[in-house]
Amino acid sequence: MKRLLALTRKEFLQLRRDTISVRMMVMVPIMQTMIFGYAINYDVKHLKTVVYDECLSFDSRELVAKMTASDYFEVVGNVRSLAEVRQTLDAGHASVALVIDREYGKARHRGTPARALLIVNASDTTTASQAMSIAGGISNQLSVQTLAKKAGWKEKAPPIDLRVRPWYNPDMRTATFIIPGLIAIILTFTLIQYTAMAIVRERERGTLEQLQVTPVTRLEIILGKIFPFVLIGIFQLTLIVLLMRFLFHVPIAGSVVQLYLAGLIFIAAVLGLGMLLSTIAKTQMQAMQLSFLFLLPFVFLSGYVFPIDGMPLFFQLITYAIPARYFIAIIRGIVLRGASLAQLWEPLAALTGFTVLIVALAVTRFKKTND
Amino acid sequence: MIEARGLVKSFGTHPALRGIDLDVARGELFALIGPDGAGKTTLFRLVAGLITPTKGTVRRDPSATFGLVPQRFALYEDLTVDENLDLRARLYSVPAPEARLRSAELLDRVGMGPYGRRLAGALSGGMKQKLALVAALLTRPDLLLLDEPTTGVDPVSRREFWQVLNELHHGGLTILVSTPYMDEAEYATRLAFLDQGRLLAPGTRDEILAGYPRPLLEILSSDRVAVRACLSTVAAVDDISLFGTRLHVRGAEGTGPEVIDAVRAALAGLVPPDGVRPVDPTLEDAFVLAAEGDGLVA
């Protein structure tokens, strides 16, 4: 225990002199939280819209007004021909075009289908599907109003009154969804690399071998190397949780203690991965490159940004091998839904299992790396 | 203190050590002399228990503690001299007051007293090696293993370093040291050559030199190319090597002191008779012969 403390003390002495790394450990979580929290937004508002109104009537203007009132569409220009519509979209000056038929107004009064056309730039599928669903909603609303008047419907609610309640993220903010998961990504991003590089550095410089001829046991060497990073992990976790709570105002619905408990298990898994990498990499450069190898699947196949349900079966199967998947499920459960670890026992069991497996493998491999 | 029997170590298909028998007794200063790639570092790592033998055994006296100074500086360059020593003391559970006293005393002894607060990475090559020695001695080991401690160190520091080793040896410490420099073997109580994974001719310096089985002549001449040419046809001579400004000429197997006459005759007109004289072998001569596989009676 005394020796373990001595090794830990040594790591912090070294860290104190490595001011760049210390700054990175603080700045990387802050920067990433800012970037992901502010920049990523699935809820695209003010889509640039060009209008070709062939009708030029009260009714056609009503449609345009309804669209812009939704905040999702912003009219950036009026054109007078389909060719101009095409040109505006081609040039990228607008991503949505609303074309209103010449007979639109007359049809409304006649009580026959009034036609309008919404063209969206579907190369960005997220934006396109959002524009489509909002426009569809507006069209339905107008249709229902028209039909209700015609049928003499006197109720305030429509014939079928299906109410939608967005629980757990009532304002539907992307940041609320993104930031809890970010905890997993930042811990992965920083800790795998730090651990792998720190161990490889000691091996490269021969100091690891020097430690092995002292009375220090292998286990103490491993723990001494890993313990400081556990503390760094907890520090980073705290940093992100504070930013999440007080800068992005994401309320933590569940238990903070349980959040940290799951966090510790995930930190152990990530440190194990770092250690595993250190037994493969010969140089610090290789350690860094190898850690990027892990990063990509952790970001994209963990359900952090892209929903797992939307992936092809093959990739869905791969996600089961990614510990971040389970951790993200747990944090979202705790932070957003106020779930307890008991309720989240499935991802918790999977995460714990993976952690034990990774750490055992890393320790075994680490023990026979001299020859 | 150290006992190796039939020690073999291979890395993949490459044999680094091919069957070594080595005994180092308590209180000895044993020098292993050998060129780069001879297997010296592998032998040290085996003795230190960092790697396991492919075949054979290596034993350290189980009651003896040891310190290892590896060939490459292996202390933390981003810690100061004091911090490195403090860490070492803590890892060996040396009480702090004792560790401080001893560090100061050892640093003074190697002339590094004023450098306690300097970063280890900012020390010169010679000082780094001294620091490594101090770190190894801090825990009062019974056995000191030094793998090429003076390679790449300037001559003055080398001399100082060996003076310290000599003092330690006289203080009763058992030392196993490797070096590529023949002249450093002067200090050793016993020595052995290590060449291509084999240990040749272990013994004291005098034993090794007395056991040199060949006649050896020294030739003083400014025209060494011509001398070589003349002697290449003399059957009684089987090796000519350059020693500083002189040539050492070795008699072939089975020849005796009479070789000198054949050499003088062959060089008649080129070198005067008194330019050819018998000379005592040096360790380098002994090593060259041993390395050729003639085998030596130690």
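Tutor: In the contact between helices α1(A) and α9(A), the residues R3(A), L4(A), L7(A), T8(A), E11(A) and F12(A) of α1(A) meet E220(A), L223(A), G224(A), F227(A) and P228(A) of α9(A), where two residues are in contact if their C-beta atoms, placed from the backbone, lie within 7 Å. The residues of this contact divide into six nonpolar, two polar and three charged; Ala, Val, Leu, Ile, Met, Phe, Trp, Tyr, Cys and Pro count as nonpolar, Asp, Glu, Lys and Arg as charged, and the others, Gly among them, as polar. This is a predicted model, in which local features need pLDDT of at least 70 and side-chain atom pairs count only at pLDDT 80 or more, while totals for chains, interfaces and linings use all residues. Residues are numbered from 1 along each chain as its sequence is written, and chains are lettered from A and ligands numbered from 1 in the order in which they are written.

Helices here are DSSP runs (H or I, at least four residues), and strands are runs of E of at least two, numbered from the N terminus. Helix α1 of chain A covers residues 2-17 and helix α9 of chain A residues 218-247, and they pack at an angle of about 40° with their axes 8 Å apart. That angle makes α1(A) oblique to α9(A), because angles under 35 degrees count as roughly parallel, over 145 as roughly antiparallel, 65 to 115 as roughly perpendicular and the rest as oblique. The axes are lines fitted to C-alpha atoms, for helices over the stretch in contact, and angles run from 0 to 180 degrees between N-to-C directions.
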